[in-house]
Amino acid sequence: MKGTRRHRYIAFHVDQDDQNLTITNSQFIQELRQHAFEIFSKSVKDLRLWVIQFDGTSGILKCHYTEKEHVIKLLVSIKKIGTKPVTIPTCSTSGTIRGLAHKKQTNVQ
């Protein structure tokens with residue numbers, strides 16, 4: 001499938017002890033950039049990683065299908081954002097955003 005644009009969308013949630021503190025989009029992206037370089041010696045551009053949505057507590061990342069496992073390892077490896085201790089478990093992975101929404105609905109019911 002040379003030349004195709006295959007992507008994976010990864011839904012995640014940011015768990016933190018102090019729920020009153022908010023994490024901004026720019027803080028989250030900065031932490032992704034720093035950890036990607038520390039762990040894989042790659043930039044987020046090399047991982048083909050994009051933040052599609054982030055509201056401070058949960059979000060969706062888009063990556064190339066070959067980098068899915070690296071991105072999941074990257075999220076799990078983040079233990080703090082700025083000075084705030086966090087854990088970032090992934091919720092689900094899909095080839096489409098619609099698929100993520102469908103998985104979220106079926107998990108709630």
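**Close-up views of a predicted model**

**View 1. Two elements of this predicted model meet at the second largest pocket: helix H1 (25-40) and strand S3 (50-54) each supply at least two residues of its lining.** H1 gives the largest share of that lining, three residues. To find your way around the pocket, look for Ile 29, Leu 32, Arg 33, Val 44, Lys 45, Arg 48, Leu 49, Trp 50 and Val 51, which line it. Sorted by class, these lining residues are six nonpolar and three charged, with no polar ones. The volume of the second largest pocket is about 220 Å³.

**View 2. Here we visit strand S6 (residues 84-87) and its two pairing partners, S2 and S5.** Strand S2 (residues 15-16) pairs with S6 over two bridges in the antiparallel sense, and in this pairing Asp 15 sits opposite Thr 87. Strand S5 (residues 80-81) also runs antiparallel to S6 and is joined to S6 by two bridges; here Ile 81 faces Lys 84 as its opposite residue. S5 and S6 form a hairpin with two residues between the strands, where Gly 82 adopts a positive phi near 70°. The two faces of S6 are worth a look too: Lys 84 and Val 86 make up the covered face, while Pro 85 and Thr 87 make up the uncovered one.

**View 3. Next comes a closer look at Lys 84, a residue of strand S6.** Is this lysine, Lys 84, buried or exposed? Lys 84 counts as buried because its relative accessibility is 14%, under the 20% limit. A polar atom of the Lys 84 side chain lies 3.3 Å from the backbone oxygen of Thr 22. Setting aside residues up to four places away in sequence, Lys 84 touches Gln 16, Leu 21, Thr 22, Ile 23, Gln 27 and Lys 79.

**View 4. The last stop is Ile 60, in strand S4 (residues 58-64).** With a relative accessibility of 11%, Ile 60 counts as buried. Which residues surround Ile 60 in contact, once neighbours within four places in sequence are left aside? They are Tyr 9, Ile 10, Phe 12, Trp 50, Val 51, Ile 52, Gln 53, Ile 97 and Leu 100. Among these contacts is Ile 97, which is 37 residues from Ile 60 along the chain, with 8.5 Å between the two C-alpha atoms.

Conventions. Residues are numbered from 1 along each chain as its sequence is written. This is a predicted model: local features need pLDDT of at least 70, side-chain atom pairs count only at pLDDT 80 or more; totals for chains, interfaces and linings use all residues. Side-chain values use heavy atoms; hydrogens and water are left out. On a 1 Å grid over the protein atoms alone, a cavity is a set of points where a 1.4 Å probe fits but cannot get out, and a pocket is an open set with protein on both sides within 12 Å along at least five of seven lines; lining residues have an atom within 4 Å of a point. Grid points are joined across faces, edges and corners, and a volume is the space filled by probe spheres set on the points. Helices (H or I, at least four residues) and strands (E, at least two) are DSSP runs, numbered from the N terminus. Ala, Val, Leu, Ile, Met, Phe, Trp, Tyr, Cys and Pro count as nonpolar, Asp, Glu, Lys and Arg as charged, and the others, Gly among them, as polar. Buried means under 20% relative accessible area, exposed over 50%, partly exposed in between (1.4 Å probe, protein chains only). A polar contact is a pair of N or O atoms within 3.5 Å; within protein, one must be able to donate a hydrogen and the other to accept it, and residues adjacent in sequence count only if both atoms are side-chain atoms. Contact means heavy atoms within 4.5 Å. Two strands pair if DSSP finds at least two bridges between them.
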